[in-house]
Amino acid sequence: MSGLYIHIPFCRQSCIYCNFYFKNGRKHVAEYVDALLKEIELKLNKNSEAIQTLYFGGGTPSFLGNSELKTIFNAISEYVHPNDLKEVTLEANPDDMTASNLAEWKEMGIGRLSVGIQSFFDEHLKWMNRAHTAEEAEQALTFAQDLGFDLSLDLIFGIPGSSLEQHQFNMEKALSFNIQHLSCYGLTLEDKTPWKKLIKTKGYAKPDDEQGAEQFKLTMQYLKSRGWEQYEISNYCLPGKQAIHNSSYWKNTQYIGLGPSAHSYDGVNRCWNVADLNAYVEALNKGILPQECELLSDADKFNEYVMTALRTIWGIQIEEMKKRIDDITPTIERLEHYVSKGMLIKNEQSYVLTDRGKFYADALASDLFIA
Ligand code: SF4
């Protein structure tokens, strides 16, 4: 199976914490769509593996006009058999989720929306420079649930100055809608973000690790108490409603990425498109794919597997490690060490993070990496 990711690199305005590749405004949309159609023709193959998931990510895919979205859909549909398709997701922001847009998206075949809510408090939305208000978010979700979309919401915790009660309210409010999936991300300070600059120039608050950890703990406890499954460190769902497309990343299966900065993986090579719209358009105008690729070594494949699998409910499988390297004895020793520290649980054929271990997942993964 293959997943197809389409990166739409346009946003209405810049959220202060964001380090994704995007441009503000719609000025270059037409050139982008022309180039994307060329990339579709060059990269997709009618005889390759069946495409089972489509994921429009960004940037803000919902910011694109519906006529452009339809053009992209039509071009892709030549390579996708409707019977193969299991999931079509559009990332959407509440300010774009008008009743008429939602109806058009539904007609195009979009069944699932991943909605960037982040918080139901206007003070948080303003601080993050989000383009919507809490009221708009509630209105958008009401429209979307009434139209029967599968809904996944993004929430952010660890916002400086936010309280545990506010975080609990955000989760309760999210669950008051008919949603099936929730991604809860801890706010992190990344390089080259407006937030980093604002700390220096305007004295913005830095992240508070202790507050972030408390809110992460509350997230796990609260959602578990409501019957939600934490199937990946930042992702929770109702039983059976795991995101199919995103799960393909976490299970190390193949996917194809289109658009500036998008990544692809065919099981052997990892490729990444240039994160620059001008360079992307120029290359495709010359009939060249704007990508670089690297052949993954056994160590790369092992490390990637460990990094992603460790974060999931399925954990690190002994058989999967053996497929990637010959001698797993030193890794098993390290894994057993973390079992003795209460950070991992050993099942018959796998090692899975405990709730305590989930606070240290990244450090634990890098300790398991091989050279
Ligand atoms: S809408 Fe999404 S991609 Fe755009 S700036 Fe905000 S977080 Fe980044």
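**Exercise 1.** In this predicted model, which kind of contact do the side chains of Arg12 and Asp96 form?

*Solution.* Step 1: The pair forms a salt bridge, with an N to O distance of 2.8 Å. Step 2: Arg12 belongs to the loop between β2 (10-11) and β3 (23-24), and Asp96 to the loop between β5 (87-92) and α3 (99-108), so the contact ties together parts 84 residues apart in sequence. Step 3: Buried means under 20% relative accessible area; Asp96, at 4%, is therefore buried. Arg12, at 35% relative accessibility, is partly exposed. Step 4: Arg12 and Asp96 also belong to a salt-bridge network that includes Asp95.

**Exercise 2.** Locate the elements that the salt bridge between Asp367 and Arg334 ties together.

*Solution.* Step 1: The closest N and O atoms of Asp367 and Arg334 are 2.9 Å apart. Step 2: Asp367 lies in helix α14 (residues 361-368) and Arg334 in helix α13 (residues 329-340), so parts 33 residues apart in sequence are tied together. Step 3: Asp367 is partly exposed at 30%, and Arg334 is partly exposed at 32%.

**Exercise 3.** Is Lys358 buried or exposed?

*Solution.* Step 1: Lys358 has a relative accessible area of 17% and is buried. Step 2: Its salt-bridge partner is Asp355, with closest N and O atoms 3.0 Å apart. Step 3: Asp355 is partly exposed, at 39% relative accessibility.

Conventions: Residues numbered from 1 in each chain as written. Predicted model: local features only at pLDDT ≥ 70, side-chain atom pairs only at ≥ 80, totals over all residues. Heavy atoms only, no water. Salt bridge = Lys/Arg side-chain N within 4 Å of Asp/Glu carboxyl O. Helix = DSSP H or I, 4+ residues; strand = E, 2+ residues; numbered from the N terminus. Buried < 20%, exposed > 50% of the residue type's maximum accessible area, 1.4 Å probe, protein only.
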